Amino acid sequence: MMNVRRVLKRIHVVSTLWFMVCVGYVLAMALHQAGFRWWVIFSFSGHSALFIFLLISLYLFTMFGAAGKGQETGVEHPLTGTGPYLTFYVSAPLFGALAGAAAMSGETRITQFLSGVALGTLGTTALMWVIVDPLTSVLETLTPAARKHRGRRLAAARAERKKREHDREELLARVSAQQEEDRHRWQALMMGEAEKLAALLKANRADFEQAERQAVDMGVRAWRIGGLNCMRQLRDMAVDLYKDKYKNLMVVDYISVWWDGIGSWRSRTVG
């Protein structure tokens, strides 16, 4: 199956490139017949070719993406999902070129012959891609079997989406519960450390270096216990204790500076 899809994609690329060439040829000949010089036509064609290439690339991406879902919607598209139909669909520009060549087989003028081939390509491609395929696809979806299968498929997709949402909510709830449990455990475990750390915030200049060493040791222990979250909780506990004990709402946050470089702690991560 993968080999068939790969062949279809390659045929589609070739057909689409040929379709672009035919579009460019028809436009160039129309402009030339309207009186434009070739250097103007070539200049215009360069920008037009890029624009057409982008549009065709978008179309190919959409087509290949839809082809990847063929197994899921095969019952809904019993004709357009078959190999022969897909082969004819992707080869429409090439069949159009053959039809145009057959129609112009008696033409001796090369420009007229090429124009016939190009117009055959454009006409067949437009008929197949713009009219026949969309109309056939719509008619397929109107059959009872297609409607029933589509209903089951959409119901299964909704159920799968709800299951993913439920699993995500359960995961978030477990993570939140685990974080709350860690906060309670760390609070009981580090209350003494928080009181000592709060007292270090009152250190004077003479004791500042010793206070920094002690604070660093506490930060390292907190990092080993619970990482960055544990360090943040210890710091917040110390600041709250300092404010409550000394009745001072203005706190110089030495702790964030002292702990800079411990684990993943950075002084700028805490305001």
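Predicted model: local features only at pLDDT ≥ 70, side-chain atom pairs only at ≥ 80, totals over all residues.

Helix α1 (residues 2-33) gives the patch its largest share, three residues. Click on W18, which sits in helix α1; this residue is partly exposed, with a relative accessible area of 30%.

Now zoom out and colour by secondary structure. You'll find eight helices and zero strands. Of the chain's 271 residues, 28% count as buried. The accessible surface is about 17800 Å², and carbon and sulfur atoms account for 63% of that. Among contacts with a separation of 6 or more, 74% join residues 24 or more positions apart.

Next stop, the rings. The chain has seven aromatic pairs. Select F19 and W129: this pair is tilted, with 6.0 Å centre to centre and 45 degrees between the planes. F19 is in helix α1 and W129 in helix α5 (residues 110-140), so the pair ties together parts 110 residues apart in sequence. Is F19 buried or exposed? F19 counts as buried, at 18% relative accessibility, and W129 counts as buried too, at 14%.

Then pick F88 and F95, a stacked pair with 5.3 Å centre to centre and 25 degrees between the planes. Here F88 counts as partly exposed at 37% relative accessibility, and F95 is partly exposed at 39%.

Key
Residues numbered from 1 in each chain as written. Heavy atoms only, no water. Helix = DSSP H or I, 4+ residues; strand = E, 2+ residues; numbered from the N terminus. Buried < 20%, exposed > 50% of the residue type's maximum accessible area, 1.4 Å probe, protein only. Contact = heavy atoms within 4.5 Å. Areas by Shrake-Rupley, 256 points an atom, 1.4 Å probe, with all protein chains shown as cover. Phe/Tyr/Trp six-rings, centres within 6.5 Å; stacked < 30°, edge-to-face > 60°.
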